[in-house]
Structures are given as C-alpha cells and as structure tokens.
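Hi everyone, thanks for coming. Let me put the structure up so that we can walk through it together.

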Amino acid sequence: MNEIKANLEQVHQRIEAAARRAGRDPEDVRLVAVSKTQPAEVVAAAYRAGQRHLGENRVGEAEAKITEVEGLLGAEQARQALRWHMVGHLQRRKAGPAIKLFDLIHSVDSQRLAERIQRMADRTEQVVPVLLEVNVSGEASKYGFSMPPNASKEARQAFMEAVAAILELPRLQVQGLMTMAPIVPDPEEARPVFRDLRQLRDELGQRFPEADFSELSMGMTDDFEVAVEEGATLVRIGRAIFGARR
Ligand SMILES: *Cc1c(COP(=O)(O)O)cnc(C)c1O
C-alpha cells in the first residue's frame, strides 16, 4: 500500500516535469487513477495517499466497488471527496446507472449514446458532464467518433453534425474530448495522435464558440508524458500507480 503512495508521487513528478517541458502549468493536468480490476482496499489506499479522481471502465464493477469504498471510508466522506470517471466504452443500456455513479463520462462515442444519456438524465433531472471520445488513429478496433486527420469531407461533415446535435442536448454538459492512442513500443509514436486530438479540439472551439472543449483526456501509463506535452488536461493512469492488473 505504501507502494501506491510512492507510485503516485512519482507519477505526479513525471506529469509536472512533462508540463514544464511544454511550458504548461502542472496544475492544469489532473490525474485520474484508473482502478479497474483493483479491489476497494486499493482504492482506499490511494485515497489515503491523497488521490481523489478514480477511473473505472465497467459500470457493474464500478457500482460494486463504489459501494465497498463507501463502506471502507464512510459514505459521507467518500461521496464528498472522490470523483469517479467512466473511461471505458459505455453501452447504451447502462446509461441510466452510469449517470448515477460517475462525475464525468469520458466515453460518449455516438449521438445515440448521447441521446440516451439525455433521456435518462431528464428522469433524474441531472446535468451530466461528458467528453466526446474520438478515434483519431483510424484503428478499426477502437471506439469513438472516427475522425482521422485524413477523414473525407463527408465524414468530417457528419462528425460536425453529430457534435452540433449533442451540443443541443440540454442535459449534457460537453467539456472536451478523449482519445486512446494505439499501443506502440515508443511513446513518441503516439505523439501525432495526441496532437491531432488537440487540433481537432481547437477546430471545434472555433466552430462552436459557445461550447466548452477545454478538457483533453489523453495519455495512459505508457505514453502520458507525451500526452501532457501535447496538452492533456486529464491523464488516465492505471498500472504506473497500482502495478499490473489483477
Ligand atoms: C485501463 C485504461 C486506462 C489505464 O491504462 P494503464 O495503461 O494501466 O495506465 C486508461 N484509459 C482507459 C480507457 C482504460 O481502459
């Protein structure tokens, strides 16, 4: 458990160094500790080491774990202190439970999912902070709006229309974009993907000046320093904090 504390410190130092290299304020980068597959005790240890933002990729697992974490830390304290992030693919039928559990959904990857969240949030009268997940690397296996830099004019147009429609949904509060970089041996190879996401964000900011695209969720254990250099405001890190997954 002490190891988690040491790992967190090291990750923070690496984020800070990467931010400074890029002339950025390290305070502008939030660390989301991805606790998927790790038990509630490990989350509690991360909390005691000062970590407040946690990430999960499955609704069912998160639901059980959050209840357990509340048991360990006290429901009141856990609810006030912890912020839960949904970073994995969200099935439409899980939208209802997801908006009850999570403070930010990083993975809105279709207009239909957004519309489903809107309907569920209407019932509970919630406003749901979300990011739009974009597949900029063009890998067919990835979730997200497919928007490689060489997308056709038609694909670009369709994406812009979907974004416009999502921005119209009153229960969704779009805060930015998320992407997953391809797994590559050298993190430098992921840099163009992060840069493309930032450029797409800038383009959306110009096209929809009323909207907020300030958040860029990008970077994981193997590539987060490059992501921070390219503008990440949220890094999602599992193994560098918790070790290998169970
Ligand atoms: C598991 C996961 C992470 C964290 O991955 P690590 O390589 O362990 O840092 C980040 N984002 C998503 C979407 C994940 O599923």
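**Around the ligand**

Let's begin with Thr 221, where a side-chain N or O atom is 2.5 Å from an oxygen atom of the ligand. That is a polar contact, meaning a pair of N or O atoms within 3.5 Å. Before I go on: this is a predicted model, where local features need pLDDT of at least 70 and side-chain atom pairs count only at pLDDT 80 or more, while totals for chains, interfaces and linings use all residues. Residues are numbered from 1 along each chain as its sequence is written, and side-chain values use heavy atoms, with hydrogens and water left out.

Back to the contacts. Arg 239 places a polar side-chain atom 2.7 Å from an oxygen atom of the ligand, and Arg 236 has a side-chain N or O atom 2.9 Å from a ligand nitrogen. On its own the ligand has 390 Å² of accessible area, and the protein covers 95% of that (Shrake-Rupley method, 1.4 Å probe).

Who else is in the shell? The residues around the ligand include Val 34, Lys 36, Met 180 and Gly 238; being near means having a heavy atom within 4 Å. By class, the shell has five nonpolar, two polar and four charged residues, with Gly counted as polar and Lys and Arg as charged.

Now, over to Met 120. Is Met 120 buried or exposed? Met 120 counts as buried because its relative accessible area is 13%, and buried means under 20% with a 1.4 Å probe, protein chains only.

Note on methods. A polar contact is a pair of N or O atoms within 3.5 Å; within protein, one must be able to donate a hydrogen and the other to accept it, and residues adjacent in sequence count only if both atoms are side-chain atoms. Buried means under 20% relative accessible area, exposed over 50%, partly exposed in between (1.4 Å probe, protein chains only).
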